[in-house]
Amino acid sequence: MQRSRRGQVARAIRALRPGSRIDRDPYELSTLVAEFDHLRGWEAAGHRSCAHWLAFRCGYSLGAARERVRAARALANLPETSAAMSRGELSFCAVRALTR
């Protein structure tokens, strides 16, 4: 079951990669990245980290991928910030700054 969920999440993240729908729903991408990291889907694909997987599969620079993963992890512990982002009140850049 977990293996199939990892695959579903990986496909959903790739669909949101730069140049696709990503600009329309950064919250969805963040929740998917956090779940993929938690499921360790990157490990099953042979990568050293979730950031390495994002860089390889989605075309992010490694630094940008690390920031995506870091912010996604932080959102799990910040329900008000997460809710504001889900409503479109906060951009990814704002969330990234708030979670440093």
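A disulfide is a pair of cysteine sulfur atoms within 2.5 Å. By that cut-off, the structure holds 0 disulfides. This is a predicted model, where local features need pLDDT of at least 70, side-chain atom pairs count only at pLDDT 80 or more, and totals for chains, interfaces and linings use all residues. Residues are numbered from 1 along each chain as its sequence is written, and side-chain values use heavy atoms, with hydrogens and water left out.

**Cysteines**

- Cys58 is in no disulfide; the nearest cysteine sulfur belongs to Cys50, 9.1 Å away.
- Cys58 has 6% relative accessibility and so counts as buried (buried is under 20% relative accessible area, exposed over 50%, partly exposed in between; 1.4 Å probe, protein chains only).
- Cys93 is in no disulfide either; the nearest cysteine sulfur, on Cys58, is 18 Å away.
- Cys93 is partly exposed, because its relative accessibility is 48%.

**Aromatic pair**

- Searching the whole structure gives 1 aromatic pair (rings of Phe, Tyr and Trp, the last by its six-membered ring, with centres within 6.5 Å; planes under 30 degrees apart are stacked, over 60 edge-to-face, the rest tilted).
- Phe36 and Trp53 make up this tilted pair, at 4.3 Å centre to centre and 45° between the planes.
- Phe36 is in helix α2 (residues 26-39) and Trp53 in helix α4 (residues 50-58), so the pair ties together parts 17 residues apart in sequence (helices are DSSP runs of H or I, at least four residues, numbered from the N terminus).
- Phe36 and Trp53 are both buried.

**Charge over a ring**

- Arg68 places its charged end over the ring of Phe92, 3.8 Å from the ring centre (the criterion: NZ of Lys or CZ of Arg within 6 Å of the ring centre and within 35 degrees of the ring normal).

How values were computed. Helix = DSSP H or I, 4+ residues; strand = E, 2+ residues; numbered from the N terminus.
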